[in-house]
Amino acid sequence: MQVTISTHESANRSGDATPIWSLDELMPRERSDAKASHPFSGVRIMVVAAHQDDETLGAGGSFAECGHLTIVYVTDGAPDRRMSRAKGFATRTAYARARMEEAKRALSLASVETRFVFLGVRDQRAAFHMAKLAFRLRKLFAEFAPDAILTHAFEGGHPDHDATAFAVHAAARMLDKDIPIVEMTGYHNANGTPVYGWFIWRDVPLVTILLSAEARTRKKAMLEMFVSQKGEISCFPLEAESFRIAPRYNFGKRPHDGQLCYERNSFSMTWSLWLRLVRRAIRSLERLHLLRRTVRSLERASAKLIADAAFAARHRR
Ligand SMILES: [Zn+2]
């Protein structure tokens with residue numbers, strides 16, 4: 001397995017990419033064999049993926065290196081009845097169930113113990129639930145305490161990918177403890193034409209893993225389990241997987257100049273709608289986070305008052 005690390009020491013072109021973690025922090029200290037040179041070696045990873053197949057497309061060849069894997073699927077992968085019928089399913093529910101089963105079958109081949117969490121948002125609707133998703137993810141991050149979170153980059157590819165990235169970053173910022181956010185590749189339209197399996201350039205540490213023949217074979221077998229997504233999957237390269245530490249995004253700034261993928265395709269998302277939804281999510285998060293902090297401090301204050309009263313009562317007797 002060949003590992004290439006690029007730290008991009010050159011000038012920061014994007015202006016908003018300030019990594020807070022180094023990929024070296026995920027790397028094991030002992031790198032005596034090829035397996036140990038993988039940044040995921042022995043690491044407990046929580047993947048937060050928008051759709052069933054995103055995780056395998058982005059990182060399926062690397063999962064065998066993990067110490068443990070949890071996959072959180074934000075959507076159920078089924079947008080509406082029309083799309084479900086076009087895929088050969090009578091109902092949206094049947095399509096969603098098939099996508100869940102496909103993911104389970106694929107991950108059973110990943111050579112790592114995997115736990116699943118399905119959040120069940122309707123496909124293409126994640127951006128409408130970003131604040132709620134952030135709170136649910138925050139709870140999951142706190143409960144499972146993974147060593148690293150692996151998720152989408154903010155690239156204007158699919159609205160659910162961007163919404164997932166927003167929710168992960170918001171959730172991580174509400175945690176008491178820092179957990180590194182690592183990104184996997186998806187697709188984008190930054191060059192004016194769709195690019196699959198490669199990031200939009202940002203000035204952050206990047207690692208590219210050239211998959212061994214064994215890892216490629218395993219990933220191919222996993223991808224074949226996503227029968228309903230055959231057409232979409234065929235666009236992605238199989239040779240390598242790239243990961244990078246997530247930049248600190250400004251989710252109110254277009255991820256690139258020119259047309260975004262979801263402006264080009266028939267998704268019911270536009271940049272102005274995205275901006276409105278981000279502003280709404282931030283307002284809700286600020287309100288709810290403040291409310292929670294206030295409730296917690298009130299609880300602490302009441303507990304102290306009760307303890308003081310009990311102490312005074314004991315000493316009056
Ligand atoms: Zn996706």
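Helices (H or I, at least four residues) and strands (E, at least two) are DSSP runs, numbered from the N terminus.

This is a predicted model: local features need pLDDT of at least 70, side-chain atom pairs count only at pLDDT 80 or more, and totals for chains, interfaces and linings use all residues. Residues are numbered from 1 along each chain as its sequence is written.

H4 spans residues 130-144. Its buried residues are Met130, Ala131, Leu133, Ala134, Leu137, Arg138 and Phe141.

The face turned away from the buried side carries exposed Lys139 and Glu143. Buried means 20 or more other C-beta atoms within 10 Å of a residue's own, exposed 12 or fewer, partly exposed in between; C-beta atoms are placed from the backbone. Just after H4, alanine 145 takes a positive phi of about 40 degrees.

## Strand E2 and its partners

Five of the six residues of E2 are buried, so the strand is largely enclosed by the rest of the structure. E2 runs parallel to E3, joined by six bridges. E2 also runs parallel to E5, with three bridges. Pairing requires at least two DSSP bridges between strands.

Valine 47 stands opposite isoleucine 71 in E3. In E5, its bridge partner is leucine 150.

Conventions
The expected span of a helix is 1.5 Å times one less than its number of residues.
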